[in-house]
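Reader: Could you walk me through a few features of this model, one at a time?
Author: Gladly; here it is.

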Amino acid sequence: MLKKLFQSFRSPLRKPQQHVRTTPEVLSSSQHSLQRNQFSRYAVSIVERLQNAGYQAYLVGGCVRDMMLGITPKDFDVATSATPEQVRAEFRNARIIGRRFKLVHIHFGREIIEVATFRANHPQDDEDEDSNQSSRNESGRILRDNVYGTLEEDAQRRDFTINALYYDPVTERVLDFANGVHDIRNRLIRLIGDPQQRYKEDPVRMLRAVRFAAKLDFGIEKHSATPIRPLAPMLRDIPAARLFEEVLKLFLNGYAEPTFEMLVDLELFEPLFPASSKALEYTPTYTHTLISEALANTDLRVKQNKPVTPAFLFAALLWPALPARVLRLQERGMPPIPAMQEAAHELITEQCQRIAIPKRFTMPIREIWDMQERLPRRSGKRADLLLDNPRFRAGYDFLLLRETAGEETDGLGEWWTEYQDANESGRRDMIRDLGSKSETGQGPRKRRRSGGGKRKRAGADASE
Ligand code: ATP
Ligand code: MG
């Protein structure tokens, strides 16, 4: 399918900066692999209806890009010359949403098609700026961008060339303003326009570059990659609520592990997770293993369509930063358990200044961490009470994760694995066995077993 598309596409030599044309390259239906019936029939009918009403309308962005790559799109976006009010007037099931920029959501049962009015890029010359419509701060970051524009301008303001492809399902033509098809063929993420300026306008584009590179297995084109490291600190000025949304997109799309590697490499991890980034410096092997194992598990679950909880992810991302803090508090005379509680509290509070993790996730992060202190204490009825705890499963999985990263837990994960599998009398024996070895989990621990076990363990116990 792609072969047909690429064979028919003759790319002329171009200069690196000339990414946007006012006249697009037009690919007719025989020159690309897209087929109208592959797209959401609702999205196609919206485009038809808007065109019949005299507006320009196209399928655009991620859905066109993904279809060209043979990937099932997450959602279908429509871009049109109609204003949000005009779109709403055409559809009964339409709602205008958004404050920063108005969009229309058209509902078809559970499917929502997002319809956006063509937008213009920011005027580059400050004197041109209409201060009611748009504004930038002193570093060039766009603060408001409520400017409608033409189709050509809409293509120009998009982030990457591969995201600026427009598909008209009526004529079955693709409009390519920025050589996006060329970059799809060469598997490249390339910013439209001057990369440095585009990142300064919106530093989140640096994260988007990484997200698409990891998801599509594309490279970041040289000129688009070079400014990232020097501009990475600009992420510190992005509102924490927006970064939370972006971080979820980075880590819940099934490609979290390669994303993490790329974030670290491009120095984007530090402004997002400063404390974890320090841990990566001080205990590199342990921190790296723990985080990448957690992300690999998450990727697997996403691919198997299993639910994933952001709390587990954040618990893992931040855990390696805890020991240094616990130690610092203990050195000031705080006993171990309160020190752990205080360190956890401090760390989450600090992290939320960068990434606004909502309370519904910070609470379970704490519970997963608390569980790590409770899992060693199994005597009497404690083990059964823990098993009944709704957070047990996450806590147990987290314990296994820590062991995989090399934490010495004295066979605790294996004990819990056996305990869950055992019958009533087996469980009683296991608890009795604990008692005889005075296993309480309080005070200095005694070794329960001399070695062995299913999982390989190495290194020091980084939780203490
Ligand atoms: P996904 O598959 O993740 O949804 P997508 O390309 O559809 O990928 P969205 O975040 O849904 O990504 O954005 C839709 C489109 O809006 C993008 O394809 C891009 O053209 C444009 N866009 C989104 N965010 C930005 C941005 N920060 N700067 C410029 N253009 C953007
Ligand atoms: Mg999208």
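Reader: Which element gives the largest share of the shell around ligand 1?
Author: That is α8, with 5 residues; helices here are DSSP runs of H or I, at least four residues, and strands are runs of E, at least two, numbered from the N terminus. This is a predicted model, where local features need pLDDT of at least 70, side-chain atom pairs count only at pLDDT 80 or more, and totals for chains, interfaces and linings use all residues. Residues are numbered from 1 along each chain as written, chains are lettered from A and ligands numbered from 1 in written order, and side-chain values use heavy atoms, without hydrogens and water.

Reader: How many residues surround ligand 1, and which are the closest?
Author: A residue is near the ligand if one of its heavy atoms lies within 4 Å of it. Here 18 residues surround ligand 1, and R65, D202, R205, R208 and R211 are the closest.

Reader: Which polar contacts could I look at?
Author: A polar contact with the ligand is a pair of N or O atoms within 3.5 Å. A polar side-chain atom of R211 lies 2.6 Å from an oxygen atom of ligand 1, and one of R205 lies 2.8 Å from a nitrogen atom of ligand 1. N163 uses a backbone N or O atom, 3.3 Å from an oxygen atom of ligand 1.

Reader: How do I read a helix pair?
Author: Two packed helices are described by the angle between their axes and the distance between those axes. Axes are lines fitted to C-alpha atoms over the stretch in contact, and angles run from 0 to 180 degrees between N-to-C directions. Helix α12 (residues 256-265) packs against helix α15 (residues 284-303) at about 145 degrees, with the axes 7 Å apart.

Reader: Which residues of α12 and α15 meet?
Author: With contact meaning heavy atoms within 4.5 Å, A256, E257, P258, F260 and E261 in α12 meet H288, I291, S292, L295, A296 and D299 in α15.

Key
Polar contact = N/O pair within 3.5 Å; in protein donor to acceptor, adjacent residues only side chain to side chain.
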